[in-house]
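Subject: Structure for your review

Dear colleague,

My notes on it follow directly after.

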Amino acid sequence: MSSAAATLARAVPGPRPARRRLPLNRSGALGLIVVVLVVGAAALAPVITPYGPADSDLVKTLQSPSRAHWMGTDQLGRDLFTRILYGARVSLAIGLVTVGVSGVIGLFVGLISGYLGGLTDAVLMRLVDVQLSFPFILLALVVNAILGIGLQNIILTLIITGWVVYARLVRGEVLALKTLDYVEAARALGAQQMRIVLRHLLPNLWTPVIILSSLQVAQFIVAEAAISFLGFGVQPPMASWGNMLNEGKTYIYNAWWMTTFPGVALVLTALGVNLVGDWLRDTLDPRLGP
Amino acid sequence: MLQFIARRLLEALVVVFLALTVVFALQFLAGDPVKLFLPTDTTQKEIEEFRERLGFNDPWIVQYARFLRGAFRGDFGNSLRQQEPALALVLLRLPATLSLSGVAMLLALTIAIPVGVISAARRNSWFDHLGIGATVLGQAIPGFWLGLMLIYVFSVWLRVLPTGGRGTWLHFIMPSITLAAFVAARFARLTRSMMLDVLGQDYIRTARAKGLAPLRVLYKHALKNASLPIVTLLALQLGQLLGGAVITETIFAWPGVGRFLVQALLNRDFPVVLVGVFLTAVLYSALNLVADMAYAWLNPRIRYE
């Protein structure tokens, strides 16, 4: 290194030590609290409640909220609060697994599509276009009805229908990143394709993917509830907020708690996750804006 | 502009063609498509007869060609429940869905745009905070739960509105509110942020300095310039309403395409499902196309990209 370059190198401040700061705002904090509460309630369900999710007591059917049953009982005398706690497990598991798997698939497809371009890109993106030409909830419902009911199939359904949003996002990002000087420089220095993708593109994709994921979790949780509500998806006796609401619909004239509490749980969870997502977006990537 | 329209039209046609392919492929998702077309208690012999009669023993490429040929003629086969053409049965229910979506969209716009404009004009006021709170809630509350709560309050508790069905204008109230809530929240948010953008511009300051009436500045100068993304969102959200209709119609027993489709799925009436899914894809693509065109028409810059 010549002395001039050395001086310059000293004058220009190097990259700061990688200490990411995530300043919390009020709504972000609120969202985090809600999410922590829901996760805690799901994890500690057996400790919090003395009942099991399938324990029915046919003497105590359709009881209104009381000290023994905080949120009342359903048509089989099962404790509603208990079923909501166990329902949180189903919702969270579905939200996280589907977002994880569909995110990885979408990331992979988007990377290939954006990086390789040409025919691969054209074919993959047409596939994405087609899938996006159906309203999400409708496609998910039909795919689920065909695949069949049950926990695995609803997860599979949401993965099949959910990866496209990631693919499109990642492709767009890759197209933009690809033209940046530092990628050109890496290529000019003879870096292998694999190295460029893994070392230079991938690290820059985490932020948009994490932001999208935080919003997708809520969307998937609500989609599962909607599909289970319509009688597909997760089936009773397994507790899902969606199928609990479906059961509650039948008893809307004599048991308001059956349609109220599972819905409140669903809305609070979706709200909490969305607030965290908004906060992540505003903090990690201000240019995306509200 | 013509070239732009032609290109987008061609793209939309390709998507519709591919959507047909997806619909065709859906049959094979569960393994044996014949099972989708027959009730669960069908005997093996009946299954074999059905398979032969409808040509499920042919190579898939032959089946695909036959399916496409039928689709182009508007022939998707007969409903298995009601021995009538599936397409006709679905089309019969389209007006109910479109009228509900139309009313919901009007409702959403009449509420959301003033709320967005006022929130932006009175930024950080109590109205703004209330508006933001309502939009966040509106986006987090799933339509099917909102529908149930409305039924509980207005039909079970107050007994002022019918729980479902179609007939009088009273029947429109709850389904359209359910359908409109989410859309209204999105419009209000978008209107607010676009207005905030525009209100900071120099020409607004100029208009105000000239002494124009504040309302005139707000609606004539600001809203007009903020309306571009709102128009685009309008077409996109109309497409979303078609998806939302599936759930809303089921809750309120609204005799539209969405409810018919859910019943067909429950009854394993697969020809009807094929038509419903395909028709939605066509409408949805058409609306996306309209959104693109409106955008290009309003904003000359993007036509040349």
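Before the first finding, a word on how helices are compared here: each axis is a line fitted to C-alpha atoms over the stretch in contact, and the angle between two axes runs from 0 to 180 degrees between N-to-C directions. Please also bear in mind that this is a predicted model.

Helices α6 and α8 of chain B

With that definition, helix α6 (residues 126-140) of chain B and helix α8 (residues 170-199) of chain B have axes that come within 8 Å and cross at roughly 140 degrees. α6(B) is therefore oblique to α8(B). The crossing in which α6(B) passes α8(B) is left-handed. On the side of α6(B), the residues that take part are Asp128(B), Ile132(B), Thr135(B), Gly138(B) and Gln139(B). They meet Ala181(B), Phe182(B), Ala185(B), Arg186(B), Ala188(B), Arg189(B) and Arg192(B) of α8(B). Sorted by class, this contact of α6(B) with α8(B) comprises five nonpolar, three polar and four charged residues.

Chain B as a whole

The average pLDDT of chain B is 86, and 97% of its residues score at least 70. For the model, the scores are ipTM 0.85 and pTM 0.87. Where pLDDT is low, the predicted coordinates should not be read in detail.

Chain B contains 12 helices and zero strands. Its C-alpha atoms fill a box of roughly 85 × 55 × 30 Å along the principal axes. Chain B has 305 residues, of which 46% count as buried. Of the contacts in chain B between residues at least 6 apart in sequence, 72% join residues at least 24 apart.

Helix α11 of chain B

Helix α11 (residues 257-267) of chain B has these buried residues: Val257(B), Gly258(B), Phe260(B), Leu261(B), Val262(B), Ala264(B) and Leu265(B). They pack against α5 (86-121), α10 (214-251) and α12 (270-298) of chain B, and also against α6 (136-147) of chain A. Just after α11(B) comes Arg268(B), with a positive phi of about 60 degrees.

Further backbone features of chain B

Two loop residues of chain B also deserve a note. Asn124(B), in the loop between α5 and α6 of chain B, has a positive phi of about 70 degrees although it is not a glycine. Asn124(B) is exposed, with a relative accessible area of 54%. Ala253(B), in the loop between α10 and α11 of chain B, likewise has a positive phi, near 50 degrees, and is a residue other than glycine. Ala253(B) is partly exposed, its relative accessible area being 30%.

Helices α9 and α10 of chain A

In chain A, the axes of helix α9 (residues 193-229) and helix α10 (residues 241-250) come within 7 Å and cross at roughly 35 degrees. The crossing of α9(A) and α10(A) is right-handed. Ala225(A), Ser228(A) and Phe229(A) of α9(A) meet Gly242(A), Asn243(A), Leu245(A), Asn246(A) and Lys249(A) of α10(A). By class, the contact of α9(A) with α10(A) has three nonpolar, four polar and one charged residues.

The loop between α9 and α10 of chain A holds Pro237(A). The peptide bond from Pro236(A) to Pro237(A) is cis, with omega near 10 degrees.

Yours sincerely

Methods:
Residues are numbered from 1 along each chain as its sequence is written. Chains are lettered from A and ligands numbered from 1 in the order in which they are written. This is a predicted model: local features need pLDDT of at least 70, side-chain atom pairs count only at pLDDT 80 or more; totals for chains, interfaces and linings use all residues. Side-chain values use heavy atoms; hydrogens and water are left out. Helices (H or I, at least four residues) and strands (E, at least two) are DSSP runs, numbered from the N terminus. Angles under 35 degrees count as roughly parallel, over 145 as roughly antiparallel, 65 to 115 as roughly perpendicular and the rest as oblique. A crossing is left-handed if the near helix is turned anticlockwise from the far one by less than a right angle, and right-handed if clockwise. Contact means heavy atoms within 4.5 Å. Ala, Val, Leu, Ile, Met, Phe, Trp, Tyr, Cys and Pro count as nonpolar, Asp, Glu, Lys and Arg as charged, and the others, Gly among them, as polar. pLDDT is the predictor's confidence in each residue, from 0 to 100. Buried means under 20% relative accessible area, exposed over 50%, partly exposed in between (1.4 Å probe, protein chains only).
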